[in-house]
Amino acid sequence: MTEFPKDITFKYSWRKYQQRVLDELQDHLTDKHLHVIAPPGSGKTILGLEVALRLNNPTLILAPSIAIRNQWIQRFCELFLQIEITPDWISRDIRNPGFLTVVTYQGMHAACDDLIIIEEENEEEEIAGHNDLKSTGSNVNKIIQGLEVAGIQTIVVDEAHHLKNEWWQTLTKIKERLDPVIVGLTATPPYDVTLNEWQRYIQLNGPVDAEISVPELVIEGDLCPHQDYVYFNFPSESEKQRIDKFRQIIERQFLELKNDETIIRALKNHPIWIDPLSRLDWIYNNLTYYCATLIFLNANGIIIPEKHLEVIGDKKLDVPLLDYKWMETLLDFYLFNEKEHFKTFDGHRKGLETRLRESGAIERKQINFSQNVEIAQSLTSSIGKLNSIHEIVDFEYDQLKNKLRMVILSDFIRKEFFVNSSENTLDINRLGVIPIFEKLRRENLKNKKIGVLTGSLIIIPKSAHAEFKMQSAKCGLSEIETITVPYDSNYIQIVQTNRIKNDIIQIITQIFQQGEIEILIGTKSLLGEGWDAPAINSLILASFVGSFVLSNQMRGRAIRTQKDNVEKTGNIWHLVTIDPTSVGGGEDLDLLKRRFKGFVGVSFKDEPGIENGIDRLNLPKNFVQKETVAMKNEEIRLFAANREALKERWNIALEAGVILIEEIKIPFSHEKSYQEVKSMYLTKTIASLIASLGFSALIYLETILNGISRSARNIRSLQDFYFYLIVIGIGGLVFFGRSAYKTLKLYIKYRDIAKDVKKIGNALLNTLIKSGVIHTEKSKLKVESSKNRWGGVYCHLEGGTTFEKSTFINSLQEIVGLIDNPRYVIERRSRLIGVFKQVDYHSVPDIIGKNKSSAEYFMLQWSQLVGSCYLIFTRTLEGRKLLLKSRLKSLSNQMSDEEIDHVNKWK
C-alpha cells in the first residue's frame with residue numbers, strides 16, 4: 001500500500017480556521033513543518049487527519065495517551081472512512097507499522113528501549129506510562145528501520161508539549177533518520193519553559209504557523225459560552241485540628257528559635273559578622289543569608305555595627321522585622337548552607353533539624369514555616385469537597401433536569417471503596433472516583449443517572465444497559481460480560497477484557513451523550529485530555545493538578561459546541577478548601593490561582609471583559625469568616641443558574657475586542673496607577689493629618705464619649721476641651737505618621753514608571769532585535785502601553801511571532817519586577833522639578849545580560865529613549881555592593897504588594 005484509498009472525504013464542512021490553514025498548507029509546508037496552536041475543542045484532530053490525507057504518505061501519529069490514540073482512529077473511521085470496523089492497514093503497534101500507525105509517546109519510547117508496556121491505565125497516573133524510565137535506546141535502530149521499510153514520511157505529534165526528556169531524545173533520533181514532514185498540534189504550547197527547551201520544541205514542530213484563541217472560536221461558534229466557578233468549603237473538624245496543631249507547633253518553634261542563644265552565639269562568631277569587609281565576596285554572593293543574619297541579630301536587640309551599614313551602603317538602614325520568611329532563610333543558612341564555620345554547633349544543628357523535620361517544617365531539606373506538604377494535601381484532598389460536589393450536582397440537576405450532562409474528574413480511583421458485599425457502609429474519608437460515586441449514590445434522592453468510567457473500573461446505571469448493548473453491537477461487540485453491583489442492583493459493572501478495550505470508552509461516551517448517564521465520574525488522566533463528549537454542559541474538577549497544561553486540557557472538555565444544540569453553555573466548577581488559619585485562603589486557593597493563569601474567560605466585573613487570571617472572578621480578599629464564604633457560594637450559584645446572562649456577557653465582551661493580546665500588568669496598591677499613587681502620596685501626607693483625626697475619632701469614639709461624660713466636670717474652659725482634642729489628634733498622627741512619611745519620601749525619590757514603560761519597551765525591543773532574539777522586521781513590530789480605569793499599567797508587543805511576544809513580555813517583567821541576581825543592573829537617574837534627585841534600579845534581562853555587548857547596547861538604547869542611566873556589572877565586589885543596594889532600594893521592591901504578572905486580554 002503506497003497511498004490512502006481513493007475518495008476519502010471529511011463528511012462535514014470545515015471550520016473557518018481549519019479552512020484557512022488548509023488553503024495555506026503549501027506555504028506552511030515549505031519548511032516541512034506545520035505547527036498549529038488552538039484550544040481544546042477546536043478540531044485539531046480532524047485538521048491533522050486531513051493534512052495527512054493531503055500529504056498522502058505513510059503516516060505515524062503520536063498521541064499522549066491510549067484514550068487519545070484510540071480517538072484518532074475512531075475519528076478517522078467515523079468521519080473520513082465512514083466505517084465502523086478499523087481496517088487492517090491501520091496499526092496500533094510501532095513494532096509492526098502499517099500505512100497509518102497510531103501510537104502513544106510512551107509506546108514509541110518503550111519500543112525503542114525494547115520494553116513491553118501493558119496498555120492499561122494506572123490508577124495513580126493513567127497516562128504517565130513509562131516516561132520516567134531511563135532510556136537505553138537499545139532497540140531504536142530496529143524501530144527506525146521498521147518505519148523506513150513502512151515508508152513513513154509524515155509524523156503527526158499531538159499535544160507536543162508532552163515531549164520531554166526521554167521521549168524527546170527518542171523522537172529526535174527518528175526525525176533525523178526519516179526526515180519526515182512534521183505536523184505539530186497543541187492546545188497548550190510550553191511558553192513557560194526555558195529558552196533552550198522552547199528552541200528544542202520549535203526545532204521539532206517548526207515555527208508557529210497558525211494560532212487561534214478561545215474568543216475567536218466562540219465568535220465562530222466552535223466553542224460555546226462558558227464560565228469558571230469556584231466553590232468553597234472548609235476542612236472537616238479532624239482536618240482543621242491537624243492544621244491548627246501544625247500552626248501551633250510552628251509558632252511555638254518560631255518563638256523559641258527567635259531567641260535561641262546557641263544560634264545567636266553561632267552567628268556572632270561567624271566571620272561575616274566579625275569582619276564583613278574581609279568577606280565581601282561571600283556576602284555579595286549570599287545576600288539573603290547575610291541579610292537574614294542581620295535581621296535575626298537585630299531582633300535580639302543586638303545593635304548592627306557601622307561596618308555592616310557600610311557594606312550595605314545605607315547608614316540609615318531600616319532593618320525589617322524577623323518573620324517566618326526571614327527565619328526560614330536564616331535556618332537554611334545555619335542548618336544546610338554553611339559547611340565550615342558552624343561545625344562547633346553540629347550537635348545543636350542536628351537536634352534542631354530533627355525537631356523541625358518532626359514538626360513538618362522541613363521537607364526534603366526545604367524549610368517552610370507557612371506551608372507544609374501534609375497540610376497542603378489535606379486541603380487539596382479535603383473530604384469537605386465531597387459535600388461541595390454533592391451540592392453542585394444537586395444544584396445543576398435542579399437547573400437542567402434530564403438535560404444535565406455532567407462530568408466529574410478526579411485524580412484517583414480508590415477501588416478500596418468498591419466492596420464485594422451486600423452493603424457498602426464504609427466511611428467515605430478520601431476523595432476519588434469511587435468515593436464520589438458512593439457519596440452521590442447514597443444520597444441520590446432525585447434518581448439521577450450516575451456512571452463511572454476509568455481505565456480499570458466501569459459502572460453504568462441498570463437503566464442504561466439496553467443502550468449499552470445497542471452501542472456495543474454497532475462496534476461489532478456482543479455478549480459483553482456484566483455484573484450487578486453487589487450492594488446496589490440499580491447499577492451494573494462492565495467486565496473489561498482485551499476484546500473490548502479499544503471500543504469501551506467510545507461506547508460509554510455514546511451512552512452519556514444519549515442521556516442514559518447524566519453524571520459521569522472518571523479520572524483526569526483518562527477523560528481529562530483529548531477525550532471528546534460535546535454534550536458536556538457541566539464539569540467539576542475534583543483534581544489536585546495545578547499545571548497550566550493539564551488543567552486547561554481538563555477544562556476544555558466542557559467548552560466544545562454540540563451539533564444541533566446551539567444554546568449550549570458550559571459551567572466549569574473548581575473546588576477549593578479554605579485554610580481557616582490563613583487570611584489569604586491557604587495553599588489550595590494558591591493552587592487554583594496558578595491554574596487560572598492558563599484560563600481565558602469572561603469576567604464578573606460590571607463591564608464584562610475577556611481575560612485570564614483569577615481576578616476576573618471578583619473573589620473576596622479575606623476568607624477567614626465562614627459567613628463570607630457562604631455568601632460567595634450563594635452568589636456563585638446565582639451566576640451559574642443564569643446561563644442566558646452568561647451568553648449575553650460573552651456577546652458584550654466579544655464586541656469590545658478583535659484579538660487576544662498577551663501583555664504585562666504592573667499592579668499598584670488598590671489597583672491605582674503610579675501617577676495616581678504619586679498623587680495619593682502627595683495628598684495623603686497632607687490629608688492624613690485630617691484623616692488621622694477622623695479615623696482616630698471613629699476608633700476612640702466610645703472611649704471619648706465615655707471619657708468626656710466622666711470628666712465633664714473637669715472641663716471648665718475651652719482650653720481644657722482643646723487639650724482633649726490634641727491628645728486624640730496625637731494618637732491619630734502616631735498611627736498615620738510613619739505611613740505618611742514613607743509615601744512622601746517615595747514620591748520625591750522615584751520617577752513615574754507609568755510614563756516610561758513604553759520607552760523601556762522600545763529600548764528592550766531594539767536590543768532583542770539587535771541581539772538576534774527577535775527576527776521579525778522592525779517595521780512590523782510596535783510596543784503598546786495603556787492604563788485601565790483603575791490605573792494598572794499594561795504593555796505588550798504587537799506583531800511578531802508568538803514566541804517573540806512571549807520573550808518580550810518575559811524580558812520586560814525582569815526589568816520592572818523585583819531585582820534578584822542579574823549580571824547587569826541599570827541605574828537610572830533624574831530630578832523631580834529639577835531639585836530632588838531620583839534614583840531607581842532595574843535588572844537587565846538575562847537573555848540580554850549574558851552578553852556584555854548586548855547589555856551595553858541596551859544601556860545605549862535606554863539612554864536615548866528613557867533617560868540618563870548607568871550600567872552596573874554585578875559580578876565584581878563593587879557591583880555586588882550596588883546590587884545589594886539596588887535590591888533594597890528599587891521602586892518595585894518598595895511599592896508593589898502584588899507580583900507583576902502576565903495577562904491575556906481581548907482588545
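Q: Where is Asp564 found, and what makes it count as exposed or buried?
A: Asp564 is found in the loop between helix H24 (548–555) and strand E18, where helices (DSSP runs of H or I, at least four residues) and strands (runs of E, at least two) are numbered from the N terminus. A residue is buried under 20% relative accessible area, exposed over 50% and partly exposed in between, with a 1.4 Å probe and protein chains only. Asp564 has a relative accessible area of 76%, so it is called exposed. Asp564 also has a positive phi of about 70°, although it is not a glycine.

Q: How do you know which residues these are, and what kind of model is this?
A: Residues are numbered from 1 along each chain as its sequence is written. This is a predicted model, in which local features need pLDDT of at least 70 and side-chain atom pairs count only at pLDDT 80 or more, while totals for chains, interfaces and linings use all residues, and side-chain values use heavy atoms, with hydrogens and water left out.

Q: What makes the approach of Ser359 to Gln253 a polar contact?
A: A polar contact is a pair of N or O atoms within 3.5 Å; within protein, one must be able to donate a hydrogen and the other to accept it, and residues adjacent in sequence count only if both atoms are side-chain atoms. The side chains of Ser359 and Gln253 are joined at 3.0 Å, and this is a polar contact. The side chain of Ser359 also reaches the backbone oxygen of Leu356, at 2.9 Å.

Q: Which residues of helix H11 are buried, and what covers them?
A: In H11 (residues 261–268), the buried residues are Thr262, Ile263, Ile264, Ala266 and Leu267. Their cover includes helix H10 (237–258), helix H14 (287–299) and helix H17 (346–359). At the start of H11, the backbone nitrogen of Thr262 has a side-chain oxygen of Asp260 within 2.9 Å.

Q: What makes strands E8 and E14 the edges of their sheet?
A: An open sheet of mixed pairing is formed by 9 strands in the order E8-E18-E17-E11-E16-E12-E13-E15-E14. Strand E8 (226–233) and strand E14 (482–484) each have a single partner strand, so one side of each lacks a neighbour in the sheet. From one strand to the next the twist averages 25°.

Q: How do you know that E17 pairs with E18, and in which direction do they run?
A: Two strands pair if DSSP finds at least two bridges between them. Strand E17 (residues 538–542) and strand E18 (residues 570–577) are joined by 4 bridges and run parallel, with Ile572 in E18 as the bridge partner of Leu539.

Q: Which strands pair with E15, and over how many bridges?
A: E13 pairs with E15 over 3 bridges in the antiparallel sense, and Ile492 in E15 is the bridge partner of Ile460. E14 is likewise joined to E15 by 3 bridges, running antiparallel, and these two strands form a hairpin with 6 residues between them. Thr482 stands opposite Ile494 in E15.

Q: What makes both faces of E15 count as covered?
A: In a regular strand the side chains alternate between the two faces of the sheet. In E15, Tyr491 and Gln493 on one side and Ile492 and Ile494 on the other are all buried, and both faces are covered.

Methods:
Contact = heavy atoms within 4.5 Å. Axes fitted to C-alpha atoms, helices over the stretch in contact; angles between N-to-C directions.
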